[in-house]
Amino acid sequence: MFVNGPAMFIATIRTVALALLLALLLSAAAMAAGAGTVDPALLAPLASGDTRARLQAIEQLGDASSQEAVTVLEALGSDKLYVTAQGRILVSDDAKRAVDPATGQEQDLPEDAETIVLNNRLRSAIADALATSRIFSKEAPTRLAAARHLQKSSDPAALAPITRALAQETDSEVRTALETAQAGLALKSPDPAIREHAVNLLGSTANAAFRPALAALLVQDAGGAFAEPDANVRASAATAISRIDRHLAAIEWAGNIFYGLSLGSVLLLAALGLAITFGLMGVINMAHGELLMIGAYITYAVQLLFQRFAPAWLDWYVLAALPAAFLATAAIGMALERTVIRRLYGRSLETLLATWGISLILMQAVRTLFGAQNVEVANPSWMSGGITVLGGLVLSYNRLAIIVFAFLVVAFVWLILNHTRIGLFVRAITQNRQMADCVGVPTGRIDMLAFGIGSGIAGLGGVALSQLGNVGPDLGQNYIVDSFMVVVLGGVGQLAGTVVAAMGLGGVNKLMEPYAGPVIAKIAILVLIVLFVQKRPQGLFAPRGRSAE
């Protein structure tokens, strides 16, 4: 017995191990057999002609909260669910191979299989059912998107799964979205206290999507009876609507301010170069708008070069367009100063007429090279899209980039004028040209370089304008008058005045447009500037010292 004891013990251990292994194999087989399957009783109504039965089946698939049910719903919604002549339901992605959701087995798609046809009501039910199923997903972003979809649902059947999901939800953002969806469905509750709580919760979201449902509670019929019989619920609904309206007004004002800053940045870029050529040199350059247009077309040309020779770097064509536009327009500006404008200093009317003629020549040259039709300059991927703030205001990346770029250009001009030798010479010539000439300042060369810098800045403005819309030969004509208004209002030769005037005009214009319309708003601004200049001819920032003489 002592000898056989260990042998019997080892034999017993082997027997137990084999039994456990057999149990594990049987369990795995059972799991494999049940994996990827959906109850055939839920699938059969999908192929029937009874819309009510199909809606009920879709709702039950959504309540199943399983990946297999989600797969069936997704296939049904994307026209990839088939039915055979024998009534079998199959899922197929490529119309060759198919999977039977009732058994999980893969097979060839029968030739007699046909796509299950849906109507709009069924597609809406599928979307709701998918959202109901996805609120139990393991991924928080998926649950959040599903909860936000259910906020728009009017199906009371979604209330039960939402309540189950809330009981196990741990993410605070998803919980808030689920509670909002629950409140929207709870408006149909027979309990006034539940309806009032739901109204208060919807009002606290300040979401404009819930305003029609809240307003429907205050509707009266021909006999004067309210859609909502409870007075407390109606009072809460009126308060909630007021709260949403205040939020919408805040979004509208914030949007106007943002678009005002955006317009002001565009005007600033358009006027900065003019502030040098007109403000510092006294030259009325009517071709300044065409320099903006040339900068935009250079951006278009650089985009075409990147598309053809460096498509992998296409997202960065704007960075290459900036120096190209600056150098090209600066060269054109210096050529104009050397050939035409230098002979017209001190004769404002002749300068105006000559530069106006040059603007016509430049526009016709562009029409000859690129055609009379507008061309499209696409935003890079990093300038596409935007940021959503306040629950409804989208701050587009391209406008944000232009606002930042405008102030970078202002800093660039300030550094040139205040911390470089050419800037010192420009300021000296502005204050007293004769004295600067007497002490050895090369006034002729400085005039050419200053005009080139002003023209180059106009080219940078054209790069920015190309990111806001299509580019055409008449692009500059839309900004030349506004640019002169900015320079005159800010104070001739005053960089700080140009910045304040551009941002002020952009903001006032966008704030007036919703009430007066764009044309009346522009006319009103022009009248205000004329009245202001009558009282203060030197502009917002008056020159100081000898330059004021």
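1. Met334 has a relative accessible area of 24%, so it counts as partly exposed (buried is under 20% relative accessible area, exposed over 50%, partly exposed in between, with a 1.4 Å probe and protein chains only). Met334 sits in helix α13, residues 317–339. Helices (H or I, at least four residues) and strands (E, at least two) are DSSP runs, numbered from the N terminus.

2. This is a predicted model, in which local features need pLDDT of at least 70 and side-chain atom pairs count only at pLDDT 80 or more, while totals for chains, interfaces and linings use all residues. Residues are numbered from 1 along each chain as its sequence is written, and side-chain values use heavy atoms, with hydrogens and water left out.

3. What does Met334 touch, not counting residues up to four places away in sequence? Its partners are Met448, Leu449 and Gly452; contact means heavy atoms within 4.5 Å. The C-alpha atoms of Met334 and Arg445 are 9.7 Å apart, though 111 residues separate the two along the chain.

4. Now the overall picture. The protein has 21 helices and seven strands. Of its 549 residues, 41% count as buried. Among contacts with a separation of 6 or more, 67% are between residues 24 or more positions apart.

5. Helix α8 covers residues 172–186. Its 15 residues should span 21 Å at 1.5 Å a residue, and its end C-alpha atoms are 21 Å apart, so the two values agree. The expected span is 1.5 Å times one less than the number of residues. The buried residues of α8 include Val174, Leu178, Thr180 and Leu185. The buried residues pack against α6 (140–150), α7 (159–168) and α9.

6. Arg195 belongs to α9, residues 192–205. Is Arg195 buried or exposed? Arg195 counts as buried because its relative accessibility is 9%. Leaving aside neighbours within four places in sequence, its contacts include Ala186, Glu228, Asp230 and Val233.

7. Helices α15 (residues 397–419) and α20 (residues 495–516) have axes that come within 11 Å and cross at roughly 165°. The two are therefore roughly antiparallel. Axes are lines fitted to C-alpha atoms, for helices over the stretch in contact, with angles from 0 to 180 degrees between N-to-C directions. Angles under 35 degrees count as roughly parallel, over 145 as roughly antiparallel, 65 to 115 as roughly perpendicular and the rest as oblique.

8. On α15, the contact with α20 uses Phe407, Val410, Val413 and Trp414. On α20, it uses Leu495, Val499 and Met503. Seven of the contact residues are nonpolar, none polar and none charged. Here Ala, Val, Leu, Ile, Met, Phe, Trp, Tyr, Cys and Pro count as nonpolar, Asp, Glu, Lys and Arg as charged, and the others, Gly among them, as polar.
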